[in-house]
Amino acid sequence: MSTAVHRRMLKEYMAIQKNAATRPHLELLEPIQEDDLLHWQAILLGTADSAYEGGRFKLDIVIPTSYPIQSPTIRFVTKICHPNVHFKTGEICLDILKSEWTPAWTLESICVAISSLLTNPEPSSPLNCDAANLLRCGDTAGYNSLVKMYTALYAIGDSDEE
Amino acid sequence: MTVTPVPVPTEAPIPAAATIAPTIAPITTGAVADPVAAGAVANLVGATAAAAAAGQGQEAQLTDEQILTQMQAIKDEEANAHPLVDHSVDLMELAQEYENGSEAFKKKIENLSDTHDRMRRSRGDGNCFYRAFAFAWFERVMLAIKSKPELHVNAVRTIEETKDLLLAAQFELLAFEDFYQVTLETLQNLVHFTSEELLTAFQNDEVSNSIVMHFRLVASAFLKTHQDDYAPFLEFGQTMDEFCSMHVEAMGRESEEMMLIALTKATHVSIEVAYLSGNQSADEVNFLPFLPDTAPYMPPLVLLYRPGHYDILYRKSHCLEGVI
C-alpha cells in the first residue's frame, strides 16, 4: 500500500500547486517536510464578512498508508471557536472525515469542505457546546463576537504557534 | 455524546446486527441460518453487549467513532482469516457446511448441484459482491482469451469507457485514476496471465482493493448519471449523492440490488444471482437475473447469494477448463 499512497500524494501535491489560484481561502496545503508525504499542513483563511475574517487557521493533516480508502486525520492547530471543532484538541466533527468518508475526496476538496464548515456550522452535533448553544438559542450577535474575539486572540498576527 | 445506532458494514449474514442498539435480543434469538456465521455472531454479540453495557453505565465515554473502530476491528479479524478471493471448491464442500443445518439449505444445495459444480469464496468484508463480480468477469475473459478474444476486446473497451462515465458523474480524475489504472492494467495483463497469476493479483490487497474501488465508483457514477430512474427508490429525503457516498463509494459497505443493477448496466455484463435462503417453502434455489440494456455478449456471471454475502458459482454448461 505504501508505494501507492506515495504516488497518490505526489499527484495531489502537483495538482494543488497547479490549482493554487482557484481556491482563495486555502493559503497553503503542502507536506510539512519534503521527504514525508504522509504528514501535511494547511492554512485556511477566514472568509471576508465572516467573524473569522483576517484569521489564518493552521491544520495538521496525517495521511494513513491506506489513504484514500481510509480518511486522513485532520485537526486544527490554531485555536478556533467553532461549534464543530474541539477548542482544546482541534478535533473536527465533520461527517465526511468520519462515517461518511469516501475515497472520491482529495486533500484539496476536503480542505475546501472544512473551510466551508467555518461559515456553515452544524450546532446539532457540537464539539464546542458553548459556541453551539449561542447559535441554538439564536444569539448570533453573541456568537459572532465570541468568534471574533478568539480569532483576534489566536489567529491574527504572529499566531502560528500552537 | 450519546451512543446512537451505528450501521455495521459487516457481511456476516445477520441482518439484526445492523444496528448497535441496547437491544441485543434480535441477534441472539433471531435464527442464525448459516452456521458459518456463528463465530461472527458470537463476536458481534460480545461487542454489542459491551457497547450496550457501556451505553448504560458510562454513556458519555464511548463515542460513535470508538464504536465504529471497535466494530471495524472485529470485522477485520473475522475477514482476515480468509483470502480476498479463494481457490474454487467443489459445491459438495458447501453442502458439508450445512450438514447439521437446516433441511431447506441442504435440499437447495443438492438441487443446485445438478447444474452447478463449483464455487469460489469472496472474503466477507463488505466488498464481496464487487470483488466476486470483478473476478468472475476477468476470469471468464482470461479463460476465453484464445477461443473468444472478442470478450477481452469488449472488456477493455468497457473499462476504458468507465473513465468517461466517472468524469460525467463529476468525479475528479485525480481521485479515481489510480484505481482505474490498476483495473485496466490487470485486465490488459489477462493476455498472458495464468489462472494462478489472476488469483494472486486478486489476493493482493492493493490490486484487489483498487479494482473493488473502481467498480464501486462505476456503480456510483451510473446511479448519479441516471438519477431520474433510481432516486425514487431511495429512502425519503435522501439524495442520490448522499446514498452513493454512504453506501456505494465507501469501502466495506454492503451492496444492495440497486448496486447490482447499476454495475450490470454500466459494464454490459449480465449476472444471475442464486438466492440460497432458509425459506422452507421451496426446494429450488431462486435465480434472479440482472440484465444490461444491450444484448449480453456472453453468458451471465453466476453469483451465489446467502443472506448478506456473495460468492462465485460455476455453471456446468459454462467453460470451466482452467478454473483453479
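Chain B, where I would like to begin, has a secondary structure that comes to 13 helices and six strands. Please keep in mind throughout that what we are looking at is a predicted model. Buried residues make up 43% of the 324 residues in chain B, and if we take the contacts in this chain between residues at least 6 apart in sequence, 74% of them join residues at least 24 apart.

In soluble globular proteins, nonpolar side chains tend to be buried together. In this model the largest nonpolar core has 115 residues, and those with the most contacts inside it are Phe133(B), Ala219(B) and Leu303(B). Which helix gives the most to this core? That is H6(B), with 13 residues.

Staying with H6(B), which covers residues 128-143, we can look at how it is placed against helix H7(B), residues 149-168: the two axes come within 7 Å and cross at roughly 140 degrees. Angles over 145 degrees would count as roughly antiparallel, so at the angle found here H6(B) is described as oblique to H7(B). On the H6(B) side the contact is made by Trp137(B), Arg140(B) and Val141(B), and these meet Leu151(B), His152(B) and Ala155(B) in H7(B). Sorted by class, this contact has four nonpolar residues, one polar residue and one charged residue.

A further helix of chain B that I would like to show is H5(B), residues 103-112, in which Phe105(B), Lys108(B), Ile109(B) and Leu112(B) are buried. Seen down the axis of H5(B), these buried residues fall within an arc of 100 degrees, and they therefore line one face of the helix. As for what covers them, the elements include helix H4 (91-97), strand E2 (116-122) and strand E3 (271-275), which all belong to chain B.

Now to the contact between the chains, where 17 residues of chain B are in contact with 17 residues of chain A. On the chain B side, helix H3 (64-80), helix H8 (173-189), helix H10 (205-225) and helix H12 (240-249) each supply at least two residues, and H10(B) gives the most, with five residues. The residues on this side of chain B divide into nine nonpolar, two polar and six charged.

Ile261(B) lies in helix H13, residues 257-267, and with 21 C-beta neighbours inside 10 Å it counts as buried. Between Ile261(B) and Pro296(B) there are 35 residues of separation in sequence and 14 Å in space, C-alpha to C-alpha.

Two residues of chain B deserve a look for their backbone. Gln170(B), in the loop between H7 and H8, has a positive phi of about 75 degrees although it is not a glycine. Is Gln170(B) buried or exposed? With 11 other C-beta atoms within 10 Å, Gln170(B) is exposed. His268(B), found in the loop between H13 and E3, also has a positive phi, near 60 degrees, and is likewise a residue other than glycine; with 19 other C-beta atoms within 10 Å, His268(B) is partly exposed.

In chain A, the peptide bond from Tyr67(A) to Pro68(A) is cis, with omega near 5 degrees, and Pro68(A) sits in the loop between strand E3 (56-62) and E4 of that chain. Strand E4 of chain A, residues 73-76, holds Arg75(A), which counts as partly exposed with 16 C-beta neighbours inside 10 Å. Arg75(A) and Val62(A) are 13 residues apart in sequence and 9.0 Å apart in space, C-alpha to C-alpha. Leaving aside neighbours within four places in sequence, Arg75(A) is in contact with Leu59(A), Asp60(A), Thr89(A), Gly90(A), Glu91(A) and Ile92(A).

Technical notes:
Residues numbered from 1 in each chain as written. Chains lettered and ligands numbered in written order. Predicted model: local features only at pLDDT ≥ 70, side-chain atom pairs only at ≥ 80, totals over all residues. Axes fitted to C-alpha atoms, helices over the stretch in contact; angles between N-to-C directions. Helix = DSSP H or I, 4+ residues; strand = E, 2+ residues; numbered from the N terminus. Parallel < 35°, antiparallel > 145°, perpendicular 65-115°, else oblique. Contact = placed C-beta atoms within 7 Å. Nonpolar A, V, L, I, M, F, W, Y, C, P; charged D, E, K, R; others polar. Core = buried A, V, L, I, M, F, W, Y, C linked by C-beta atoms within 7 Å. Buried ≥ 20, exposed ≤ 12 C-beta atoms within 10 Å, placed from the backbone. Arc of directions from axis to C-beta.
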